[in-house]
Amino acid sequence: MELSPSGRETPTALRSRLLIPALLALAAGIGGFALGLTHDDTVTALGALLFLPSAALLFGIVAKRHGVGPFRQSSRRSD
């Protein structure tokens with residue numbers, strides 16, 4: 001059995017400095033949304049959702065820099 005080369009790249013992607021703000025943005029978005037829902041505050045709940053695209057972009061930047069997930073190098077060549 002042969003291990004894929006991406007098995008070694010994933011731990012280096014987890015050491016990226018961009019993961020800290022990405023996780024903070026994700027936590028702020030989910031936490032603010034939950035807080036807004038529990039306190040019947042629609043403006044807070046909807047405003048907190050604005051953090052989620054930032055988190056998604058930061059996670060995407062990390063994945064692209066380290067070639068993880070859909071940005072992994074494939075062995076197929078496009079014609």
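Pro70 sits in the segment after H4. Helices here are DSSP runs (H or I, at least four residues), numbered from the N terminus. The model is predicted: local features need pLDDT of at least 70, side-chain atom pairs need 80 or more, and totals for chains, interfaces and linings use all residues. Residue numbers start from 1 along each chain as its sequence is written, and side-chain values use heavy atoms, without hydrogens or water.

Pro70 is exposed, at 77% relative accessible area. Exposed means over 50%, buried under 20%, partly exposed in between (1.4 Å probe, protein chains only). Gly60 lies 10 residues from Pro70 along the chain, and their C-alpha atoms are 9.7 Å apart.

Now take H2. H2 has 20 residues and spans 28 Å from first C-alpha to last, close to the 28 Å expected at 1.5 Å a residue. That expectation is 1.5 Å times one less than the number of residues. Leu19, Ala22, Ala25, Gly29, Gly32 and Gly36 are the buried residues of H2. Asp40 follows H2, with a positive phi near 50°.

H2 (residues 19–38) meets H4 (residues 51–66): their axes come within 8 Å and cross at roughly 155°. H2 is therefore roughly antiparallel to H4, a term for angles over 145 degrees. Axes are lines fitted to C-alpha atoms over the stretch in contact, with angles from 0 to 180 degrees between N-to-C directions.

Which residues of H2 and H4 make the contact? Among them are Leu19, Leu23 and Ile30 of H2 and Phe51, Phe59 and Val62 of H4. Contact means heavy atoms within 4.5 Å.

Notes. Helices (H or I, at least four residues) and strands (E, at least two) are DSSP runs, numbered from the N terminus. Angles under 35 degrees count as roughly parallel, over 145 as roughly antiparallel, 65 to 115 as roughly perpendicular and the rest as oblique.
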